[in-house]
Amino acid sequence: MSEEKKNNEEMTDDMASRSALENARDSGVSTAWDRYEQQKPQCNFGTEGICCRICNMGPCRIIPGRQEEGVCGADAATIVARNFVRMIVGGSSAHSDHGRGVAQTFLEAAKGEAPGYEIKNEEKLKEVAETFDVETEDRDINEIAIEVGEKAVASFGSQEGELEFISRAPEKRKDIWRRNGVVPRGIDIENVEAMHRTTMGVDQDYKNILKQGTKAALADGWGGSMIATELQDILFGTPGQPEKGGKKDAVKFDANLGVLDENMVNLVVHGHEPLISEMIAIAAQEEEIQEYAREKGAEGINISGICCTANELLQRHGIPVAGNFLQQELAISTGAVDMMMVDVQCIMQSLERMLPDYHTKLVTTTEKAKMPMAEHIEFDESQPLESARELLKAAIDNFPKREGVNIPEESEKALAGFSHEFIKYMLGGSYRSSYWPLNSNIKDGKIRGVAGVVGCNNAAMPLDKMHVPMVEELIANNVLVVQTGCAAIASAKAGLMQPETALEKAGDGLAEVCEAVGIPPVLHAGACVDNSRILNALAEMVNVGQENSRLNIGDDVSELPVAGAAPEWMSEKAIAIGHYFVTSGVYTVFGGDFPTVGSEVFTEYLFDEIEDIYGATWDVAETPSEMAGKMIDHIDKKREELGIGE
Ligand code: XCC
Ligand code: SF4
């Protein structure tokens, strides 16, 4: 066990995190970075994907030149492919189970059985109805919503045919998927079949194994995640769009630990699902709750968030974000968090080990995710507002128990709400209008291309130190950056999501376009499930060109000057997302270790050969500049192929 600790300067450039880390260490709190050091050296077989433990004859590991196969004879390519596909299934299932929950609540709301939830966004309901082939003319809104809800729920259990949202992809892309037999039939079936085929002694052809992984990944992006995003927008509003009438506008929010308020009750929501936290946001505004907080000596109640629950809330309500993934422990270490309410995904168990040292109340809210030492207050979806008030009161009751408080000063202002609808609106009205600035600005070279930079933080590397410099390099080279997840929070904290500070860092062409329409060069598109917004935007960029040749920049996603990246990824969800982007035609680069390198054959397949099928590949890069460089090279290559030059 190594006791060596990195110093704070090496760990991040984020000053709020540096000072919180300092405090945490002074108080003897262990953080993910410390435990990462203790885990060293990590097992190479695991890192490279060549450890198989799916049957009890193992674990087996591959040592090239000495031990080329497991007990059953499985070779490196098979083992790596099975492990990789099981990561896809983990990620796809997480997003999809979230989507399923939303679909079920949506259906109840449509039937009037979920008081507190309602159909807020009729315009989007009609769009989604069209995709689901639901008749909208002369029909009552609730009737439409019920049928949409039923079809959405059914798409999880569907056994045949094609997932509905697949229809939104460009024609050429659908042809590729159909020719290769990877169009998902339903969401659950693809994930279950992938688990079956990767169990001992079933599919042992790495290409065929990956083919099923592709179905599970597409079932995430164009299925579970897209259902989550689209139905949440109908229930809670599309980011950037007002509920009824009113001016469409970006949402302002503040980001970093400095948003915690010394004089207010701090309730931090953490996890991924907005079903609960939306109700918290609404109930927190009630006078009775604010008054209750004042009775306990606070000035009011301050809701902030961590990870994607934060992204969900900030994109619709401008609620501040306390931090991204690696800041969850740091938030508690300030001593100012009266309650941290967690739902699902990306919640470190280390949080509960901090409880004896801090007054924070850690509350789990869903049956799916409990922690032995946290308090469980199950959210009752049949009376969501009541449940939300109960949670808020418990947070307020904990306020007087605070001891020392040490909140870092730093936070940055940022803009969010860049749903693909809002991007479309900001950049010139409708995709179907005769003038669509994104496509035309790309054609005339003001915008060189578009990069999606998404994903997590990872204790194996310094916090945000890959994200921030690479995003800066991209915008300096006139690449418009669209972000989700913890990557988005990293840029918000670094000031890259406010036009005033960020445009100075952008290249001339990009700055000119952004200035003219009043947007930053780095756009916050939401939570991890909202990567589906990027799929929708890419599809529309192609489709508009099919309808209007003047705007054409390619007939398929793989022809567009776009690229994707997850510089600091850690979750299985990132692999699922990466794979649905690649197989949707987007060249995608990951940072850090890649879990297939133990098999040259399989890695070669992912990084090179699948280009012949999908027109895109996976890639890796070690430094921010190498990553940005690879993306820019790819964008330039696509521009050249399209004949839109320098
Ligand atoms: Fe962040 Fe979405 Fe990654 Fe989790 S997975 S660490 S991006 S919160 Ni989506
Ligand atoms: Fe070893 Fe084969 Fe069992 Fe995997 S499936 S643990 S390689 S014997």
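How many disulfides does the count come to? In this predicted model, the count comes to 0 disulfides. Take Cys51: the nearest cysteine sulfur belongs to Cys43 and sits 6.1 Å away, whereas a disulfide needs the two sulfur atoms within 2.5 Å, so Cys51 is in none. Cys51 is partly exposed, at 25% relative accessibility, while Cys60 is buried, at 14%.

Next come the nonpolar cores. The largest one holds 177 residues, and Val148, Leu231, Leu474 and Met631 have the most contacts inside it. Helix α5, spanning residues 76–110, supplies the largest share of this core, with 15 residues. A second core of 38 residues is separate, and includes Ala24, Val337, Cys346 and Leu351.

Then there are the charged pairs, with a count of 46 salt bridges. In one of them, Asp233 and Arg533 meet at 2.7 Å, N to O. This pair links distant parts of the chain, 300 residues apart: Asp233 is in helix α10 and Arg533 in helix α23. Both ends are buried, Asp233 with a relative accessible area of 0% and Arg533 with 1%. Glu626 and Lys630 also pair up, at 3.9 Å, but here both residues lie in helix α27, 4 residues apart, about one turn of the helix. Glu626 is partly exposed at 34%, and so is Lys630 at 23%. Through shared partners, salt bridges also join Asp233 and Arg533 into one network with residues including Lys124, Arg168, Glu230 and Asp530.

Key:
Residues are numbered from 1 along each chain as its sequence is written. Chains are lettered from A and ligands numbered from 1 in the order in which they are written. This is a predicted model: local features need pLDDT of at least 70, side-chain atom pairs count only at pLDDT 80 or more; totals for chains, interfaces and linings use all residues. Side-chain values use heavy atoms; hydrogens and water are left out. A nonpolar core is a set of buried Ala, Val, Leu, Ile, Met, Phe, Trp, Tyr and Cys residues joined through side-chain atoms within 4.5 Å. Buried means under 20% relative accessible area, exposed over 50%, partly exposed in between (1.4 Å probe, protein chains only). Helices (H or I, at least four residues) and strands (E, at least two) are DSSP runs, numbered from the N terminus. A salt bridge is a side-chain nitrogen of Lys or Arg within 4 Å of a carboxyl oxygen of Asp or Glu.
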